[in-house]
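Visitor: Please take a close look at one helix and at what surrounds it. I would like one connected account.

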Amino acid sequence: FYHPATLVTDAQRHGVEVRPIDVNRSGWECRWEEGACRLGLRFVKGLRQKVGERIAAEQAAASFRHAEDLARRCRLHHDELTTLAHRGALGSPGLTRRQALWQVALASRPAGEMFAGAEQAEASPLPEMTRLEETIADFAVTEMTTGTHPVSYLREYLSRQGVTPAARLPHAPDRGTVRIGGAVIVRQRPGTARGLLFVTHEDERGTVQAAVMPDMLQRHRQVLVRSPGLVLEGVL
């Protein structure tokens with residue numbers, strides 16, 4: 001019922017550590033390791049199952065040292081390598097995302113059998129990603145993140161708009177008017193609800209549900225139905 005991204009953030013709020021995808025530690029499915037959940041390669045867009053399972057088999061034999069090692073042993077295409085690097089999945093060989101992307105570019109120009117397995121010494125000239133760029137990359141590749149919640153980047157703006165974080169709503173006065181805001185994770189319009197639209201918001205601290213009256217839905221249908229994020233005002 002809920003998107004995996006919502007399950008990840010809910011687990012984190014309940015004290016469960018969720019670790020990112022890593023070519024040296026992730027299987028095709030998610031794994032439980034040392035008291036934490038390790039995300040599986042299955043969430044990487046465009047990565048075929050047989051390729052993900054090949055990565056898991058090779059990692060069990062020996063850790064990948066760099067992008068070229070990964071590409072050669074697992075017979076990965078350039079786009080598959082780029083996607084994994086963009087998502088930060090080459091972190092355990094000691095590479096930042098931009099360093100990994102640079103190595104992927106080098107690995108796309110094979111050196112031939114004589115230099116197969118040689119260390120890649122050329123340093124990356126690329127600027128490192130910001131936290132926001134990493135979050136955007138996470139959602140572009142896997143539609144989830146184990147890092148900063150995207151609404152966190154908007155918190156200062158939302159505060160200026162008078163939006164109350166989900167975690168503070170239990171302390172707000174009953175029947176008072178509040179503003180809520182965040183990413184929309186669920187929209188429901190049950191046939192028995194007489195035209196009501198139920199919208200579930202998620203921010204970095206929790207989730208909250210709003211009931212939108214039929215007349216409001218009719219006036220603002222496009223915004224309410226299509227927007228990935230909303231600010232709504234109503235009675236608590």
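Guide: This is a predicted model. Start with α2. The helix has 13 residues. From first C-alpha to last, α2 reaches 19 Å, close to the 18 Å expected at 1.5 Å a residue.

Now its buried side. Val51, Gly52, Arg54, Ile55, Ala56 and Gln59 are the buried residues of α2. An α-helix has 3.6 residues a turn, so residues three or four places apart point the same way. The partners of the buried α2 residues are β2 (31–33), α3 and α4.

Take Ile55. Leaving aside residues up to four places away in sequence, Ile55 touches Val23, Leu41, Phe64, Leu70, Cys74, Leu76 and Leu84. Ile55 also belongs to the largest nonpolar core, which has 32 residues. Within that core, Ile55 is one of six residues that touch the most other members; the others are Val23, Leu70, Leu76, Leu84 and Leu90. Two or more core residues come from each of α1 (4–13), α2 (49–61), α3 (67–74), α4 (78–86), α5 (97–107) and α6 (131–142). A second core is separate and has 13 residues, including Leu197, Val199, Ala210 and Leu224.

Last, the aromatic rings. The count comes to 1 aromatic pair. Phe1 and Tyr2 have ring centres 5.0 Å apart and planes at 90°, so the pair is edge-to-face. Phe1 counts as exposed, because its relative accessibility is 72%. Tyr2 has 42% relative accessibility, so Tyr2 counts as partly exposed.

How values were computed:
Residues numbered from 1 in each chain as written. Predicted model: local features only at pLDDT ≥ 70, side-chain atom pairs only at ≥ 80, totals over all residues. Heavy atoms only, no water. Core = buried A, V, L, I, M, F, W, Y, C linked by side-chain atoms within 4.5 Å. Buried < 20%, exposed > 50% of the residue type's maximum accessible area, 1.4 Å probe, protein only. Helix = DSSP H or I, 4+ residues; strand = E, 2+ residues; numbered from the N terminus. Contact = heavy atoms within 4.5 Å. Expected span 1.5 Å × (residues − 1). Phe/Tyr/Trp six-rings, centres within 6.5 Å; stacked < 30°, edge-to-face > 60°.
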